[in-house]
Amino acid sequence: MTALAVTALCAGTPAQAQTGQQTLSASGQTFGAFSREIDLNVATDVTYDSNVLRSRSGTEAARGLDKEDIILRPRVEGSVALPVGPVQFSVNGLVGYDIYTRNSELNRERINLTASAQGGIPSCGANVTGGFSRGQSDLRDLSIEPGDPVTSSINVQTITRIGATLYCGSFVGLRPVAMVEYRQSRNSNIRRRGSNVNSLTYGGGVMYSNPIVGQITAFVSKSDFNYPDSAPLVLVPFPDINVLNAGVRLDRRLGARLQVNGQVTYTKVDIDGLAGTAYDGINWDISASLRATEQLQITLGTARQIDTSAGFRSNFVRSSIYSADINYAITQRLGLNLSGSYQKRDFDNSTLLPTFGSISDDKFTRLSARLKFQRSRRLGFELFGTYDKRDADATIYDYEGFTGGIGIRLHM
């Protein structure tokens, strides 16, 4: 039985992850058959981090942390896909715990789970999705609060979401599509709960589907954001935000040497209480993967999108991202991955009072290398290293850092 892998129309809409990462991937398949799959791994990494602070040297007291640390990251990760009659159920993700040898206050669970149920009758179908993630916020995304090292470093962010995509029509040809998704983000630190955000996204469009071309969708979507816990703050509360997207998406992941998954949208942002439009312009989220040879695969990505920020006071964040990823199979057992990314963020603070530790823009560069050795069908090892550099208008957040370590993975 063949299934149509319909994803949310507005993948890549605001507050997708609150980290400014690309949301569309060139991996996977546009169309896929229902299948049964169970893949479970137990893994752990030991990582040296030269700058846990994610800020310049001399901010140890402000963060209440040691600058360097060694981190142990045990986890269970895997995916399960089970067809039950006309419905395909799937669950994937990881559950782990981060253990810091010096900064034990950062010890925290790390959970990232997604689930879906897809099925339907010959003329109509639906895809219901959900997700749950929880973990310590990356300190790169947390402002430094004067005299409060706990708020400057400790925050557990929990994100939950549920959504559905509905479609009707023949497998090949035009079909109407509609979607809705609700998402909420919560912060554990009481001084950051003003950034708790609820979002409701809904939209519809028309999709053209063809097993040779892939899927082409013209769509319109609207996202409404509100901050339920901002009113009690002494500072000016966060206003509600409305984001309108209209665009075209191409999903052409057909197993060929070149795969493309991307969308281009016109985006308009309105802020309650602000006269005029806060932002309007062209956004995009595009990923392309080329299998150049049997051993070499190259993936390029770029995105411009609207995000929210859990750790810096801002109405919204405009992010521009550029990335490259190279995978090379040296032998059947030994593989090399090289990757790099550049991100520029602009924080909109137009309706908020300026505060110490606020930020208007930053630039972030990351270079990574990973060597993988598959000792046997069940046992694998990894060596990895990453260099980070950040330049911000508030120089307290400028830093360079290196992480490196070793990992082991056991396939169950």
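**Exercise 1. The disulfide**

How many disulfides does the structure hold? Find the cysteines involved and describe their bond.

*Solution.* This is a predicted model.
- Step 1: Count. The structure holds one disulfide.
- Step 2: Name the partners. They are Cys 124 and Cys 168, with sulfur atoms 2.0 Å apart. The cut-off for a disulfide is 2.5 Å between the sulfur atoms, so this pair qualifies.
- Step 3: A disulfide is a covalent bond between the sulfur atoms of two cysteines.
- Step 4: Read the handedness. The torsion about the S-S bond of Cys 124 and Cys 168 is about 115 degrees, so the disulfide is right-handed.
- Step 5: Cys 124 belongs to strand S7 (residues 124–136) and Cys 168 to strand S8 (residues 156–168), so the bond ties together parts 44 residues apart in sequence.
- Step 6: Cys 124 has 25% relative accessibility, so it counts as partly exposed. Cys 168 has 32%, so it is also partly exposed.

**Exercise 2. The nonpolar core**

Which residues make up the largest nonpolar core? Then list the contacts of Val 269.

*Solution.* 
- Step 1: List the members. The largest nonpolar core has 11 residues: Val 197, Phe 225, Tyr 227, Phe 238, Ile 241, Val 243, Val 269, Ile 271, Tyr 279, Ile 306 and Phe 316.
- Step 2: Find the main suppliers. Strand S12 (241–252) and strand S13 (258–271) give two or more residues to this core.
- Step 3: Take Val 269. Set aside its neighbours within four places in sequence. Val 269 then contacts Ile 241, Asn 242, Val 243, Thr 277, Ala 278, Tyr 279, Ile 306 and Phe 316.

**Exercise 3. The nonpolar surface patch**

Which strands each supply at least two residues of the nonpolar patch?

*Solution.* 
- Step 1: Find the patch. It covers about 980 Å², and its residues include Val 46, Tyr 48, Ile 70, Leu 72 and Phe 402.
- Step 2: Name the strands. Strands S3 (37–49), S4 (69–84), S5 (87–100) and S20 (399–411) each supply at least two residues.

**Exercise 4. The surroundings of Lys 363**

Where is Lys 363, and which residues does Lys 363 touch?

*Solution.* 
- Step 1: Locate it. Lys 363 lies in strand S18 (residues 361–374).
- Step 2: List contacts. Not counting residues up to four places away in sequence, Lys 363 touches Tyr 342, Gln 343, Lys 344, Lys 389, Arg 390 and Asp 391.
- Step 3: Look along the chain. Ile 321 is 42 residues from Lys 363, and their C-alpha atoms are separated by 10.0 Å.

Terms used. Residues are numbered from 1 along each chain as its sequence is written. This is a predicted model: local features need pLDDT of at least 70, side-chain atom pairs count only at pLDDT 80 or more; totals for chains, interfaces and linings use all residues. Side-chain values use heavy atoms; hydrogens and water are left out. Patches are made of residues with over 30% relative accessible area and no salt bridge: like charges are joined within 9 Å, nonpolar side chains (Val, Leu, Ile, Met, Phe, Trp, Tyr) within 5 Å. Accessible areas come from the Shrake-Rupley method with a 1.4 Å probe; for residues, only the protein chains shown count as cover. A salt bridge is a side-chain nitrogen of Lys or Arg within 4 Å of a carboxyl oxygen of Asp or Glu. Helices (H or I, at least four residues) and strands (E, at least two) are DSSP runs, numbered from the N terminus. A nonpolar core is a set of buried Ala, Val, Leu, Ile, Met, Phe, Trp, Tyr and Cys residues joined through side-chain atoms within 4.5 Å. Buried means under 20% relative accessible area, exposed over 50%, partly exposed in between (1.4 Å probe, protein chains only). Contact means heavy atoms within 4.5 Å.
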